[in-house]
Amino acid sequence: MKTFKLLPLLFITSVLIISCGTTQPDITDDSEDMDVSISGAAAHWISGDRLIWDSETSASYYELRYSSDADIDVHQTEVTGGTAIELMPDAVLDTYQSDKFRHIADRPVFDVDANEETVKEALRGQLIAVAYNDDHQPVAATKVQPHGVIDDFYTYDGDLGLTYVDGQIELKIWAPTAQELAINIYMDDKSLVRTVEPEVERPETGVWTFFVDEEFDRHFYRLDMTLYHPENGEINEFEVTDPFSISLSTDSRYSQFVNIENDMDLKPAGWDDIRKELPAATDISLYEAHMRDFSIGDFTVPEEHRGTYMAFTHNGVHGRNLSDGMSHLIDLQTSGLTHLHLLPVNDIATIIEDEDQRVDLDDPFSKFCELTDHEKVQANCDRYGDTPIREIFEELAANDPLTKEIQAYMHSPDHPGLSDIDGFNWGYDPFHFDAPEGSYSTDPDGAQRILELREMVKALHEVGLNIVVDVVYNHTHAVGFHDKSVLDQVVPWYYHRLDTNTGEVETSTCCPNTAAEFNMKEKLIIDSVVFWAKQYKIDSFRFDLMGHHPRYVMENLQEELSKLTLEEDGVDGENIFIYGEGWNFGEVADDRIFIQATQFNMGGTGIGNFNDRIRDGIKGPFYAGNGRSAQGFANGLYLFPNEVNEASDEARHELLGMADRVRVGMTGNLSTYRYENRFGETVLGENEGIGYAIDPQESINYIDKHDNETLWDDAQAKLPFDFSMDDRVRVHMLKNAIINFGQGIPFYQLGTDMLRSKSMDRNSYQSGDWFNTVDFTMESHNWELGMPPAWDNRERWDDIEEIKREANVDVQQEHMELAHALFKEQLQIRYSSPLFRLATGDDVHERVAFHNTGADQIPGIIAKTISDGACVDEQIDPYLDGIVIIVNSDNQEQTFDLGISGLNLHNVHAESIDQTVRQSVEQNGVVTIPALTTAVFVNPTEDEKPGDFPCNPYNSEY
C-alpha cells in the first residue's frame with residue numbers, strides 16, 4: 001500500500017496511507033426553517049424485522065420512512081414524503097444478531113413492522129428513521145445503513161458475471177437496490193450498438209440476468225443504472241462498468257465480453273496441460289517483486305516488453321532469449337527459491353494505461369511539457385527539448401548525488417508531476433478485482449492482457465517458479481460517483497464499512513474500507529480468489545491488510561480453494577498458500593466488530609502472517625519513524641553503537657530482549673514454544689507479545705519488503721559512519737541468514753540479495769521507475785540517485801543528507817555480486833535438509849533448542865540446534881543427526897562452549913566464497929565464530945543410526 005503512517009502500536013508495521021479518489025457523502029441534509037435535520041446515518045437496519053438506533057433523544061413514537069422518489073423531508077412540525085413503517089421499541093436481538101452487530105448491540109433495538117414485499121420496495125429508495133414526541137413532531141431523524149437487511153433478503157450463492165452457454169452470453173449482475181438496470185453494448189470504437197434489457201425487472205433475488213447473442217463476443221459493455229444513492233440523496237441515472245469485469249478497455253472505461261474459459265486465442269500453447277504440484281507450505285520461499293521494477297530497466301528485454309507481463313517470457317526456454325532478470329530468477333530458483341510474489345496485477349485505478357497520456361523515463365522531456373503545466377517542468381521545456389528524461393536525471397544525479405532537483409519533478413501540490421502521469425504505482429488502488437492491469441500488457445484495450453498474464457505464469461512455471469499475487473480486498477480506490485468507483489455505484493452503502501453514527505466511509509486502511517463481514521462482500525472475495533486460481537493458475541495469495549477481514553472469511557476461502565483439484569480444475573487447491581498482513585488497528589481493532597484475521601487470532605489456521613517481531617528484533621524499528629538510534633540485534637545495538645547510541649547497561653538489556661524476539665522468530669514464531677528468556681525464566685513464545693503461531697507456516701519471516709526503507713538503506717542509517725564497506729555487506733547478509741536459517745517461511749524483497757537501495761526513500765509507492773528500478777547487471781546502484789521525494793521524506797532530508805555525506809558507503813559491483821553469491825549459498829543450505837523446514841509446531845517443540853540463553857548469555861550470540869537424533873520420534877534427514885546454527889552479530893570474533901562435539905562446517909560454508917565463514921570451527925564442543933558471521937554446522941549420521949544429538953530440554957514441559 002502507499003504513503004505510510006506509523007502507528008503507535010507495539011511491533012506493528014507502518015500502515016500505508018494512499019491519496020485515494022474518495023468522495024465522501026454529504027451525510028447531513030440541512031435546509032432553512034428546519035429545527036430538525038436528517039443527521040448522520042445512525043440507524044442500522046440489520047434484518048427484515050430488526051433495526052438498531054440510538055436517537056439520543058426522548059421520543060414516544062418511531063418510524064422508518066422510505067421513498068422510491070427520494071422526496072422525504074423533515075420539517076419543524078412534520079415529515080413529508082415517502083411511506084412510513086412503524087418501529088416498535090424494546091425489541092431484542094437474537095444470539096446471531098448480537099454477535100454479528102456486537103459493536104452496536106448495546107443500542108436500542110426496534111421491531112420493524114413490514115412484510116418482505118415492503119422491505120424490498122423500501123430498499124430501492126431513500127431510507128430515513130424518524131423519532132417523534134407526544135405531539136407527533138419530529139425530534140430526531142437519520143439515514144439508515146442497510147447492510148444487514150440486504151444480507152437478510154438478498155444473499156446469493158450462485159454464479160455472477162459472464163457465462164457462455166449454447167451460443168449466448170449470460171451476464172448476471174447483483175444489484176438488489178437498483179430500480180432499473182440495462183446493459184449498453186459498444187463497438188471497438190466505443191460507439192453504442194445495442195441496449196439489452198433484463199430477463200426480469202427488479203428480480204426477487206436481486207440478480208439481474210441478461211442474455212446477449214454470442215456474436216457480441218469481445219464487444220464492450222457498460223451497465224445502465226437507475227438507483228437511489230445516499231451520496232446526493234437523489235434518484236440517479238448513470239453508466240458504470242461491471243464490478244465483476246474480467247476484461248476491460250483502455251483505462252477501464254468499458255467492460256468486455258470474453259470467454260476466458262474456452263477461447264483458445266487467450267491461452268498460451270499447452271496452457272490447459274499445465275499441472276503444478278505445489279510444495280508443502282514450509283518448503284516455500286517468497287521473493288517479492290513489482291512488475292515494472294523487474295524489467296523496466298532491463299535492456300536485454302525488448303523495449304515493447306519492458307515493464308509488462310511479457311518480460312517474464314524471455315526465459316531462455318524453447319529458443320527464446322534469456323534476459324538478465326530471468327537469468328537472475330533462474331539463478332535463485334536453482335538455489336532453492338520456490339515462489340515469485342508480484343505486487344497487485346489486477347486492474348489498478350492510479351496507473352494511466354493510455355501511453356499517449358503518460359510520461360515515462362525514456363520519453364522526451366517535450367512530452368512531459370505537453371502533458372502537465374507543472375511549473376518546474378514548464379520552466380525547463382526550452383532547455384531540455386527532446387532529451388530523454390532518463391538522461392536528464394542521470395546528469396543531475398552525477399553532478400550532485402544529493403540533488404533535490406529530480407524529486408522536484410515528481411509531484412506538485414497544484415499540478416501533475418511525473419509521479420502522477422507516469423506508468424508506475426505499487427498498485428494498492430484496486431479498481432476491478434478480476435481483470436488484469438492493462439498497463440502491464442502490450443495492448444491495454446481488451447483481452448490481450450488475459451493472454452499475456454497467462455504467458456507470464458507459464459514462463460515462470462517453465463523455469464520452476466510458482467507465482468503469488470498480492471490481492472487488495474480491504475478497500476477500494478473510491479466511493480460514490482467518483483469515476484474510479486464501481487462497487488458503491490452498483491450497490492450503494494453495502495460493500496463499504498461506514499461509521500456507525502455519521503455514515504461516512506471508514507478509511508483506516510488508507511482509502512474507503514470494504515466490509516467483508518457482510519455476505520456478498522465475502523462472496524466477492526472468495527469468488528475472485530478462486531477465479532484467479534483457476535483461470536490464471538495462481539499458486540498463492542498475499543492479502544493486503546488481512547486484519548481488516550474477519551477470520552472466518554479467510555477460513556472459508558481456504559476451504560473453497562481446497563476443493564480445487566488437479567484432476568478436475570488443473571489446480572492443486574489444497575496447497576495454495578494464503579498469507580497476509582494481520583495488523584490490528586483501525587475501527588475493527590481488538591475484534592470490535594468481528595474476530596479479525598490478525599496475528600494472534602490466526603494460530604492453527606495454517607494461514608501465514610507477516611512476522612514484524614523478528615523483523616524489528618533483527619534490525620530495530622524503522623529508521624524513518626525512529627531515527628538513527630533504532631539499532632537492532634544485527635546492526636550494532638550495544639555491540640558497536642553508532643554516533644547517537646552508547647554501549648550502556650540499558651542498551652545491553654535491550655539487545656538481549658531483541659535476541660529473545662529473534663529466537664522465538666526462528667522457531668516459526670510459535671506462541672507455544674518453551675524456552676529460557678534473558679531473565680533466566682522458562683517462558684512460552686507468546687510471552688511479551690512475541691509469538692503468535694501454532695505451526696511454523698503461519699509465520700512469514702521477513703526483514704524488508706516494498707514498504708518502508710529497503711534493508712540496505714535502513715542499515716546505512718543505523719551503522720556507525722566509519723564502518724567499512726566489507727562489514728556493511730556482512731551485516732546485510734547476516735540479517736538475511738537469520739531469516740533463511742529459521743523455521744517458518746522466508747520472505748525477501750526483490751534485489752535484497754544485491755544490496756537494493758531506493759536512495760533512502762521510505763515510501764516509494766509513487767516514486768516512479770527512477771527510484772524503484774533494479775539493475776540485474778549490478779553495474780549500477782541506487783544509493784546516490786538524489787534525495788528521495790518530499791512527500792514522505794522531507795522531514796528527514798537533513799538527516800539523510802548527513803548520512804549520505806558521512807557514512808562510508810561506496811557500493812561497487814563486487815559488493816553486490818558477493819551479496820548475491822552469499823544469498824544463494826544461504827538458500828542452498830536451507831534446502832539441503834528438511835530440518836530447516838519443519839512442518840509442524842510439535843516438530844519444532846521437540847527438535848529445536850537454543851543455547852547461550854538466560855541472564856549470563858554472551859550478547860550478540862544466538863546458538864540454535866535442530867535435532868534429528870535418537871531423542872526424536874522419527875528421523876526426517878537420513879544423513880544428519882542434527883544441525884547447529886551460530887549467529888555472531890558482534891564485530892568481534894566470539895568463542896563459547898556449546899557442549900556438542902563432532903560437528904562439521906556445512907559443506908556450502910566450508911567451500912563458501914566468503915573466506916571468513918570458513919574460519920568457523922568446533923573443537924571439543926567449543927565453537928569459534930568470526931565477527932559478523934552466521935555459520936552452520938552439521939552432525940552427520942554414522943552407521944545409519946541416529947546419534948546422541950540433543951533435543952529441546954524444555955519440551956517435556958510443553
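Helices here are DSSP runs of H or I with at least four residues, and strands are runs of E with at least two, numbered from the N terminus. Good morning, colleagues. This is a predicted model, in which local features need pLDDT of at least 70 and side-chain atom pairs count only at pLDDT 80 or more, while totals for chains, interfaces and linings use all residues. Residues are numbered from 1 along each chain as its sequence is written, and side-chain values use heavy atoms, with hydrogens and water left out.

I begin with glutamine 599, in the loop between strand S24 (577–580) and strand S25 (608–611). Is glutamine 599 buried or exposed? With a relative accessible area of 4%, glutamine 599 is buried; buried means under 20% relative accessible area, exposed over 50%, and partly exposed in between, using a 1.4 Å probe and protein chains only. Its side chain reaches the backbone oxygen of phenylalanine 610 at 2.9 Å.

I turn next to backbone angles. Most residues other than glycine have a negative phi. Glutamate 56, however, has a phi near 55°, a positive value. Glutamate 56 sits in the loop between strand S4 (50–52) and strand S5 (61–67) and is exposed, at 69% relative accessible area. Methionine 760 also has a positive phi, near 70°. The loop that holds methionine 760 runs between strand S29 (745–749) and H22, and this residue is buried, at 2% relative accessibility.

Finally, I consider glutamate 779. This residue belongs to the loop between helix H22 (768–772) and helix H23 (790–793). Glutamate 779 is exposed, because its relative accessible area is 62%.

How values were computed. Polar contact = N/O pair within 3.5 Å; in protein donor to acceptor, adjacent residues only side chain to side chain.
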